[in-house]
Amino acid sequence: MTAALRSISAILMGFVTGFVVMVACEYANIKIFPLPEGTDPGDTASMNAAMAAMPAKGMILVLVGWAVGTFGASYVAARFAQQLKFLHGMMLGLIFLGGAIMNMREIHHPLWFWIVGVLVFFPAAYVGSSAAVTGSRPPVAQ
């Protein structure tokens with residue numbers, strides 16, 4: 001039972017970490033590239049118009065935020081999981097990929113953003129999980 005609770009806790013801590021990092025990156029992106037005047041974030045049509053006006057640099061910053069957030073989430077989940085550490089980190093990559101696909105389906109994004117957006121999650125999760133697993137090994141006695 002303890003292993004299951006620790007597993008769930010690791011996933012939740014990783015999710016919160018990744019979510020906070022992604023929101024911080026989105027906030028920084030909005031400060032650098034503000035939404036056009038009168039844009040309502042709750043209205044899909046308004047957000048579609050804002051996305052059409054967003055420069056490529058702003059969209060790249062979104063992708064960077066997704067990658068950094070997924071890296072952080074995977075690192076935390078793999079670091080705190082008791083067993084199958086690498087799997088926990090990769091699960092976070094899958095969870096965030098699902099969220100990104102839902103976002104991209106709701107708000108129109110160009111084709112290049114879809115391609116890079118789908119491809120960014122698993123490498124980020126792999127690197128984050130690998131960093132946590134490699135860093136958690138006990139030192140070898142000589």
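Helix 1 gives the most to the lining of the largest pocket, contributing seven residues, where helices are DSSP runs of H or I with at least four residues, numbered from the N terminus. This is a predicted model, in which local features need pLDDT of at least 70 and side-chain atom pairs count only at pLDDT 80 or more, while totals for chains, interfaces and linings use all residues. Residues are numbered from 1 along each chain as its sequence is written, and side-chain values use heavy atoms, with hydrogens and water left out. The protein has six helices and zero strands, a strand being a DSSP run of E with at least two residues.

**Overall layout**

- Read along the sequence, the pattern is α-α-α-α-α-α, and the C-alpha atoms fill a box of roughly 60 × 35 × 25 Å, taken along the principal axes.

**The largest pocket**

- The largest pocket has a volume of about 630 Å³, a volume being the space filled by probe spheres set on grid points that are joined across faces, edges and corners.
- A pocket is an open set of points on a 1 Å grid over the protein atoms alone, where a 1.4 Å probe fits, with protein on both sides within 12 Å along at least five of seven lines, and lining residues have an atom within 4 Å of a point.
- The lining of the largest pocket comprises 22 residues, of which Glu26, Val62, Trp66, Asn103 and Ile107 lie nearest its centre.
- Helix 1 (2-32), helix 2 (44-53), helix 3 (56-80) and helix 4 are the elements that give two or more residues to this lining.
- By class, the lining has 17 nonpolar, four polar and one charged residues, with Ala, Val, Leu, Ile, Met, Phe, Trp, Tyr, Cys and Pro counted as nonpolar, Asp, Glu, Lys and Arg as charged, and the others, Gly among them, as polar.

**Helix 1 with helix 3**

- The axes of helix 1 and helix 3 come within 7 Å and cross at roughly 160°, axes being lines fitted to C-alpha atoms over the stretch in contact, with angles from 0 to 180 degrees between N-to-C directions.
- That angle makes helix 1 roughly antiparallel to helix 3, a term for angles over 145 degrees.
- The residues of this contact divide into 14 nonpolar, nine polar and two charged, contact meaning heavy atoms within 4.5 Å.

**Helix 3 with helix 4**

- The axes of helix 3 and helix 4 come within 7 Å and cross at roughly 150°, and the two helices are therefore roughly antiparallel to each other.
- Trp66, Thr70, Ala73, Ser74, Ala77, Ala78 and Arg79 in helix 3 meet Lys85, His88, Gly89, Leu92, Gly93, Phe96, Ala100 and Met104 in helix 4.
- The residues of the contact between helix 3 and helix 4 comprise eight nonpolar, five polar and two charged.

**Helix 4 with helix 5**

- Helix 4 (residues 85-106) and helix 5 (residues 111-119) have axes that come within 10 Å and cross at roughly 165°, and are therefore roughly antiparallel to each other.
- Leu97, Ile101, Met104 and Arg105 of helix 4 make the contact with Phe113, Trp114, Gly117 and Val118 of helix 5, and these residues divide into six nonpolar, one polar and one charged.

Definitions and conventions. Angles under 35 degrees count as roughly parallel, over 145 as roughly antiparallel, 65 to 115 as roughly perpendicular and the rest as oblique.
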